[in-house]
Amino acid sequence: MIREELAKRKLPSPFVDENGVQITTAEQWEKHREKIKKILSYEEYGNLPGKPDEMFFTTVSSNERFCASEATHEKIIMTIVMNGRAFSFPFYFTYPNKPGKFPTVILINFKADVPHRYLPSEEINAQDVAVASFCYTDFTADDWDFTNGFSGVLFPDGKRGPHDTGKIAMWAWAAMRIFDYLETRDNVDLNNVSVAGHSRLGKTALYAGAFDERFAFAYSNDSGCGGAAISRDKVGEDLTAVYTRFGFWFCEHFAKYQGKEHSMPHDQHFLHALVAPRNLYVASAETDQWADPESEYLGCIAAGQAYEYYGKKPLVYPDRFPEVDEVLHDGTIGYHLRSGSHYFSRRDWNYFIKYMKENKR
Ligand code: GCU
């Protein structure tokens, strides 16, 4: 039944090369995935910036009495030097007050607050998981201004070319730089670093996991259009709706696909495929029709082949759409459909942490 649902969407395959030849081995896929990245960059998200020339990290506060002295909360300022310009932004690192190397989640968040309604720090740290989080607008504004924050480092005059970086790629790039920081810490389990986000930042987390192979897990919560949901024949938000209000999330070239989803050479499952053989986790919410849980689920299924190249089970799913509160944790892609509405809840976190621990490397 699901295969028929998928066939109706008439998706382009990420698993054939430009001559129409099927990719059959992991070696071929490793080469081909670079082309998939180019397609996603050229068509949708714009080019990911290169590495900074220099980076500095300054710890400006450290509170060892965070959460009844069970954890430490640090505020760190990152300074990036690039293109002859310097830009600084704050981020936050909380970790349990015990010895050890902790699996760590980089959370791209809506606010700097720690804890925050989407970041239940105490519950997370108590499960021996560390979190590095930042507020996305501290990096660059969520609007058409391309001179603000880090955008100004890339585009001093605010002018972008048609395939230049959109804001999603910039926020994802910030998460990658926080990974660079984590590499300097000795209490981080670098083999088990996740990137996570909700909604527009769930789109960003999926993109970050796809483009930076250091992430062992990418967790995309209720991300919908331009995120985990297939764009072709999606319900709720479509490309016209997202581009009209939030065109700056993407490259300018992406504008041409408004109302023309079926003419794209790619679809969102190209991103899911790039995460292989690492773990991808997609979460949907029952009443979140704007994001479209069914299209998010289909995106996971459509990417399965990429995981099979590596001998991994992709999403292990029943041959139907998921039921409310169904949790699919048996594959290298994890999925759940939480009851309730668009939100990043405690339950979402707990499902994900359970999955992450079960799939630790
Ligand atoms: C809007 C937008 C979505 C986005 C969401 C959010 O609803 O249309 O694409 O995911 O905002 O980030 O909260």
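In which strand does Met55 lie, and which residues are around the ligand?

Author: The model is predicted, so local features need pLDDT of at least 70 and side-chain atom pairs count only at pLDDT 80 or more, while totals for chains, interfaces and linings use all residues. Residues are numbered from 1 along each chain as its sequence is written, and side-chain values use heavy atoms, without hydrogens or water.

Met55 belongs to strand E1, residues 54-65 (strands are DSSP runs of at least two residues and helices, H or I, of at least four, numbered from the N terminus). Met55 counts as partly exposed because its relative accessibility is 23% (buried is under 20%, exposed over 50%, partly exposed in between, with a 1.4 Å probe and protein chains only). Its C-alpha atom is separated by 9.0 Å from that of Tyr181, 126 residues apart along the chain.

Around the ligand (a heavy atom within 4 Å) are Ser199, Arg200, Lys203, Glu237, Arg245, Phe246, Trp249, Trp290 and His342. Helix H8 (200-211) and helix H9 (239-246) each supply at least two residues of this shell. Polar contacts (here N or O atoms within 3.5 Å) reach oxygen atoms of the ligand: a polar side-chain atom of Arg200 lies 2.5 Å from one, one of Lys203 lies 2.8 Å from an oxygen, and one of Trp290 lies 2.8 Å from an oxygen. Taken alone, the ligand exposes 320 Å², of which the protein buries 84% (Shrake-Rupley method, 1.4 Å probe).

Definitions and conventions: A polar contact is a pair of N or O atoms within 3.5 Å; within protein, one must be able to donate a hydrogen and the other to accept it, and residues adjacent in sequence count only if both atoms are side-chain atoms.
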